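Work through the exercises below with the sequence and the model side by side, and try each task before reading its solution.

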Amino acid sequence: MCHFTQRSSTFSFPKISNIFWRFHHTSTSYLCSCSKTISDEKYQDPFQLGRKDLKNLYEDIKKELLVSAAELKEMCDYYFDGKGKAFRPMIVVLMARACNIHHNNSKEVQASQRSVAIIAEMIHTASLVHDDVIDDANSRRGKRTLNQIWGERKAVLAGDFILSAASVALARIGNTTIISVLTQVIEDLVRGEFLQLGSKENENERFAHYLEKTFKKTASLIANSCKAVSILGCPDPRVHEIAYQYGKNVGIAFQLIDDVLDFTSCADHLGKPTAADLKLGLATGPVLFACRQFPEMNAMIMRRFSKPGDVERARKYVLQSDGVQQTTYLAQRYCHAATREIRKLRPSPEREALVHLTEMVLMRDK
């Protein structure tokens, strides 16, 4: 997992003493010894603080997707309806402000930094469109998927078009370092999808495989987008590493909680079917933890829950085990790592909002 920086160490978690996970962290020293913040910098609402820079976000994305073909335009605009949480762009603009303040006390987001936020949302959405085709999904964000409405072939092309428009916007920034950082995301997305299609027979390798897939499919976009805006706002490589590490750890925690919600949330609330990963043959964190208490799940994991009754049995085992709690605990560890990283920057409302965001990731219910 070469994208996870310089040093690594291992942690053993309760009830799984003979399985170890690589929990990557950086040796970056503290750039600021200040850990206390003034009262008005505490408990900042990330969405309120980022709202100014995200105004007209979806309208600006649609401008990047200008196309004469009416059907293709309708498909491209389908998910950019302004009803999404804009989670990734919000992290990006907050990180941009935090890094700018740390560097020279500038409180404005640069146009190029905002462009990174737009590009991040476009890449993310294109990946969702492609994922839905691969998974033959029929619902996303509480409505029918593109592939269900327009068919798989047209959905693939729409995803490709969104990705190509994001690439054009990226080239327009005109910074080869930023291009290199963000194109890494696209490579990781493809590699992550291939990792998801495979499986490991060895238990120890299985969890490492799962975390690497989680990084590439989910966390790489957040990590590298945060790194990109830090490069644009501050010349210090230590700040770039802080931004990357924060995004990486938050991104992995976000996906771990997503995997928990697949077992604990109802379909209507989640906006997509529950136990969806099991139906796709995927063994996520809760399943891998549960397997330690119910070894009979190993056979089901290796056949990707393909036999009749496998999905129902596996879900029952997970809910009877401490798999959900252990996965939540692991997500907490990643969030704590993210908090340690971001606190290396100078105090600011944006820094505290990014700290608060880690708590929101852990408490979210959809």
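**Exercise 1.** Which helices each supply at least two residues of the lining of the largest cavity?

*Solution.* Begin with the basis of the work: this is a predicted model, in which local features need pLDDT of at least 70 and side-chain atom pairs count only at pLDDT 80 or more, while totals for chains, interfaces and linings use all residues. Residues are numbered from 1 along each chain as its sequence is written, and side-chain values use heavy atoms, with hydrogens and water left out.

On a 1 Å grid over the protein atoms alone, a cavity is a set of points where a 1.4 Å probe fits but cannot get out, whereas a pocket is an open set with protein on both sides within 12 Å along at least five of seven lines; lining residues have an atom within 4 Å of a point. Grid points are joined across faces, edges and corners, and a volume is the space filled by probe spheres set on the points. Helices (H or I, at least four residues) and strands (E, at least two) are DSSP runs, numbered from the N terminus.

The helices asked for are α8 and α9, the latter covering residues 203-233. Of these, α9 gives the most to the lining, with four residues.

**Exercise 2.** How much space lies in the largest cavity, and which residues are the closest to its centre?

*Solution.* The structure holds two cavities of 30 Å³ or more, and about 200 Å³ of space lies in the largest. That cavity is lined by 15 residues, of which Gly198, Ser199, His209, Leu282 and Ala283 are the closest to its centre. Sorted by class, the lining has six nonpolar, five polar and four charged residues, where Ala, Val, Leu, Ile, Met, Phe, Trp, Tyr, Cys and Pro count as nonpolar, Asp, Glu, Lys and Arg as charged, and the others, Gly among them, as polar.

**Exercise 3.** Describe the second largest pocket by its volume and its lining.

*Solution.* The volume of the second largest pocket is about 260 Å³. Among its 14 lining residues, those closest to the centre are His130, Asp131, Leu189, Val190 and Glu193. At least two lining residues come from each of α5 (111-135) and α8 (176-197), and the lining as a whole divides into nine nonpolar, two polar and three charged residues.

**Exercise 4.** What span should α5 have, and how far apart are its end C-alpha atoms?

*Solution.* The expected span of a helix is 1.5 Å times one less than its number of residues. For the 25 residues of α5 this rule gives 36 Å, and the end C-alpha atoms are 36 Å apart, so the two values agree. As for cover, 20 of the 25 residues of α5 are buried, a term that means under 20% relative accessible area, with exposed over 50% and partly exposed in between (1.4 Å probe, protein chains only).

Leaving out residues up to four places away in sequence, Glu121 touches Tyr58, Ile61, Phe80, Ala86, Arg88, Pro89 and Arg141, where contact means heavy atoms within 4.5 Å. After the end of α5 comes Asp136, whose phi is positive, near 55 degrees.

**Exercise 5.** Where do Asn56 and Asn105 lie?

*Solution.* Asn56 is placed in the loop between α1 (46-54) and α2 (57-64), and its phi is positive, about 65 degrees, although it is not a glycine. With 41% relative accessibility, Asn56 counts as partly exposed. Asn105 belongs to the loop between α4 (87-104) and α5, and its phi is likewise positive, near 65 degrees.

**Exercise 6.** Which helices do the buried residues of α17 pack against?

*Solution.* Helix α17 (residues 349-363) has 15 residues and reaches 21 Å from its first C-alpha to its last, close to the 21 Å expected. Its buried residues include Glu350, Arg351, Leu354 and Leu357, and the buried residues of this helix pack against α1, α4, α10 (237-264) and α16 (323-342).
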